[in-house]
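Dear colleague,

Please find the structure below, with the sequence alongside. My notes on what was found in it follow directly after.

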Amino acid sequence: MSLHDSASSAAGSSSGSSSSLSSSKPPPSSLQQDIVRHLAGAGYTIRSSDLPQVAQRLERLETAMGSSPADFFQLASDAILYNPSDLASWVDSLLSEFTQLPTCCFEFILAPVDNAWTTAELHEPRVQQNITYEQQSLDRQLTVVTAMEEDSDIRLVHKLMACAECVQRGDFSSATSLIDDMQGLLARVNTVCGIRKVAGHFIDALSRRIFLGIGGGSVDGCGSAFENEILYHHFYEACPYLKFAHFTANQAILEAFDGHDCVHVVDVNLMHGLQWPALIQALALRPGGPPLLRLTGIGSPSPDGRDSLREIGSRLAVLARSVNVRFAFRGVAASRLEDVKPWMLQVNPKEAVAVNSIMQLHCLLISDPTLNSPIETVLNWIRDLNPKILTVVEQEANHNQLDFLDRFTEALYYYSRMFDSLEACRVQPEKALAEIYIQKEIRNVVSCEGSARVERHEPLAKWRRRLSGAGFMSLPLGSNAFKQASMLLTLFSAEGYSVQENDGCLSLGWHSRPLIAASAWQAMPEPGSCVSCLE
Amino acid sequence: MSASNEINLNESKMVVPLNTWVLISSFKLAYNLLRRPDGTFNRHLAEFLDRRVPANVNPVGGVFSFDVLIDRATGLLSRVYRPAIGEEPQPNFFDLERPVTAEVVPVIIFFHGGSFAHSSANSAIYDHLCRILVGTCKAVVVSVNYRRAPENRYPCAYDDGWTALKWVNSRSWLKSRKDSKVHVYLAGDSSGGNIAHHVALRAVESGIDILGNILLNPMFGGQERTESEKRLDGKYFVTLRDRDWYWKAFLPDGTDRDHPACNPFGPKGRSLEGIQFPKSLVVVAGLDLIQDWQLAYVEGLKKADQEVKLLYMEQATIGFYLLPNNDHFHVVMDEISKFVSSDC
């Protein structure tokens, strides 16, 4: 009997076990489970049938270590490891690394601080395919809670929750007086940090919901596209989330493109194309020379008639030319991602295709029973492209719950964490505009409903299920990507950010709470083919 | 060299269940990859390999947890584990710091092990252990995510422990009904045990009451090479060389292992005679190469007339308490439970 059955099964797992251990031995488990439960509690998945083999390999590594410590040490610095939870496979990969002749390893170092094109060092990657075990979801977790610094914090949170609850019930008069209370409270306290900082934005969002109604977001509009781009750019500069997203996705794409001479990146939302100079750079320096790179950027049609997609494409083409990368750009203007059809992207069967989605998929989760689910439509056309890799970065949050109060609570903690992390950044005025960028998200989550509510963030566990269900399998992001991401953070020199590895995916968070998660996928082979994806 | 290695491997395999052997051996392997000969530590790889679990406000096995930022300036986080009350659904924010209701509630401040360099409060193995402690002792457990070596040397870990103690001691929601005081115990394994001792010392000097210290395979050492170190070097997962590396990484530059942090009752240490030190429960594994230092620690406490109970687990190796699949584990949990409940 074990008190905590497995690290990965939390909500809803067996609570039948008593919480106190007596001096007698645990009763023998009536079910012979294949995965060793005790090791699962330690964060490792391994089949009991694999134990003797893994033990043997550990012994071999031990002996090898004893006889040539220098080589072993070299192994440590150079090896790229994947999926540390899968004990059998990482021991195997270490052993196979150690028993082969040393080759140089892949390191792609990028200076992400500004848009100046800097050189990057490259070596050759060796990507290993690994088994991943599906981790069960943790549907609701409230992770970091700042120790309430003052009583006013507690009162503020109390009132915010009470107000949200009134709004949910439709009791707008009580809600309104609570809002007055809170504004009074805020006027009297120091709003520099903690929950107070973000409280103002939540009060504002609740007011909008009450006074403008739930389509209120669309009155405000999304701002002009130009304004949005400026805010996005400042958010990009002020804190590491978007840089992490681009960095990690690029690293995975680079590894996926290894060995291919014709590659094609499809960016589902080009924006300013901030992600691509670094990739072009890295491909330029690839040993053996750069491939032919095609980039297809999808974006909304510009209302003012500017062909902004083409402008960005031209700038990228200039860069590519300057580093001798054969490059072709194509813009696809679509107001809705689900309207895109594979033929519009003109993918060549000989190309290696990478599809890149940075915080776009959640917008497609609007459910309308009368239409085909947009997310399914889009995932289907992506899959039809047969991409070598699909990179997905999403906010690690549960902001799409049916219950308004649940959503409100989650968002309160998520965004207070994010605001706290912004405090660590010194750069003004980026910070102020970055806050406005975040504020718009808050407004959308709290004050909008239906098709107006686009910020429908879902946690990684849900995305895993969705993507697996749509015919994709996970491509683990390894120790190299992890290291690059960690190094990126040290460039930011803000204590408090942390990168975590979770079953092949990487997340960036503040004070141990992940706020953004990156994962990579590839299309599962068609049924009927002989390839099995799980041993 | 390889012949004796084989003997060593076989010996350790005979005393622990296979899954424990695999777990501890893979830690050993990983840790070997992380310690560089020049004294630096491959922190990126360490963070990548360490298996972590998030906190969970949904009760699992009757325990829920949440993370708290105790000190903004140093970024000191701790994970609080509380027993869930009855069949209630997931707690909301206000339930997290709801006052404890029993007459006496022990609060155990836990310092995870890792030889001062490895692991975190949210490492899976320690999250697991803390949850068990909640159930065993009917306690609230606060697991401190102290700063680690070599990036943060002595006395950072002790300072963080002290900060956590002050925080715990000042939480009104942790006060036992009986006397409106927080009933604090300090506990830790390996380096955590060492930290518990030093934090207790500081507590005593500052007038904070600690009801007891629980030290699991505490990490102590000294310049001298003891008999157990020579006899057991390399035999059961641990080598003298790695012990030396960790002390070098933690202790101030230019000091040796007789520094009182490492050797509290050694030539540079001091006696605790006349001091109101808390009672101690010290667990020593019979196959741990540093046991002579741990036993010397117990002797040092006894000589100073301090209350101490020694639990010597003959056939136990390091890390035996990480998996509940052996007798030692259950014996120790029983003793810890008695140690804590005897004050209730």
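Please bear in mind that the model is a predicted one.

The same record deserves a further look. Which residue does the UniProt annotation "active site" cover? According to that unreviewed entry, the residue is Ser190(B). Ser190(B) sits in the loop that runs between β5 (183-189) and α7 (191-206) of chain B. Its relative accessible area is 14%; because the cut-off for a buried residue is under 20%, Ser190(B) counts as buried. Leaving aside neighbours within four places in sequence, Ser190(B) is in contact with Gly113(B), Gly114(B) and Ser115(B), with Leu216(B), Asn217(B), Pro218(B) and Met219(B), and with Tyr321(B).

Chain B as a whole

Chain B contains 11 helices and 8 strands. Its radius of gyration is 19 Å, close to the 20 Å that the globule rule gives for 344 residues, so chain B is as compact as a globular protein of that length. The C-alpha trace spans about 60 × 45 × 40 Å along its principal axes. Of the 344 residues, 65% count as buried. When contacts between residues at least 6 apart in sequence are considered, 75% of them join residues at least 24 apart. The chain exposes about 12,000 Å², and carbon and sulfur atoms supply 50% of that area. As for charge, chain B has 38 positive and 40 negative charges, and their mean positions are 3 Å apart.

Individual positions in chain B

Val68(B) belongs to strand β1 (residues 63-71) and is buried, at 0% relative accessibility. Between Val68(B) and Ser341(B) there are 26 Å in space, C-alpha to C-alpha, and 273 residues in sequence.

His259(B) is placed in the loop between α9 (240-250) and β7 (279-285). Is His259(B) buried or exposed? At 11% relative accessibility, His259(B) counts as buried. Apart from neighbours within four places in sequence, its contacts are Tyr154(B), Leu251(B) and Pro252(B). His259(B) and Lys138(B) are 121 residues apart in sequence, and their C-alpha atoms are 37 Å apart.

Leu287(B) lies in the loop between β7 and α10 (291-303) and is buried, with 10% relative accessibility. Neighbours within four places in sequence aside, Leu287(B) is in contact with Val15(B), Leu232(B) and Tyr236(B), as well as with Glu314(B), Gln315(B), Ala316(B) and Thr317(B). Leu287(B) and Leu311(B) are 24 residues apart in sequence and 13 Å apart from C-alpha to C-alpha.

Backbone geometry

Most residues other than glycine have a negative phi, and most peptide bonds are trans. Several positions in this model depart from that pattern, as follows.

- The peptide bond from Ala149(B) to Pro150(B) is cis, with omega near -5°; Pro150(B) is in the loop between β4 (140-144) and α6 (156-169) of chain B.
- The bond joining Tyr154(B) and Pro155(B) is also cis, with omega about 5°, and Pro155(B) is likewise in the loop between β4 and α6.
- Phe116(B) is not a glycine, yet its phi is positive, at about 75°. Phe116(B) is found in the loop between β3 (106-111) and α5 (124-137) of chain B and is buried, with a relative accessible area of 1%.
- Ser512(A) has a positive phi near 70°. Ser512(A) is in the loop between β9 (505-510) and β10 (513-523) of chain A and counts as buried at 16% relative accessibility.

Chain A

Chain A comprises 18 helices and 10 strands. Buried residues make up 57% of its 535 residues. Among contacts between residues at least 6 apart in sequence, 76% join residues at least 24 apart. The accessible surface comes to about 22,300 Å², with 53% belonging to carbon and sulfur atoms.

In α11 (residues 276-284), 9 of the 9 residues are buried, so the helix is largely enclosed by the rest of the structure. Among them are Trp276(A), Ile280(A) and Gln281(A). The elements covering these buried residues include α10 (241-256), β2 (262-267), β3 (292-299), α12 (308-322), β4 (327-333) and β5 (352-358) of chain A.

With kind regards

Methods
Residues numbered from 1 in each chain as written. Chains lettered and ligands numbered in written order. Predicted model: local features only at pLDDT ≥ 70, side-chain atom pairs only at ≥ 80, totals over all residues. Heavy atoms only, no water. Helix = DSSP H or I, 4+ residues; strand = E, 2+ residues; numbered from the N terminus. Rg over C-alpha atoms; globule rule 2.2 N^0.38 Å. Buried < 20%, exposed > 50% of the residue type's maximum accessible area, 1.4 Å probe, protein only. Contact = heavy atoms within 4.5 Å. Areas by Shrake-Rupley, 256 points an atom, 1.4 Å probe, with all protein chains shown as cover. Lys, Arg positive; Asp, Glu negative; His and termini not counted. Charge placed at Lys NZ, Arg CZ, Asp CG, Glu CD. UniProt positions renumbered as here; feature names shortened; annotations may be inferred.
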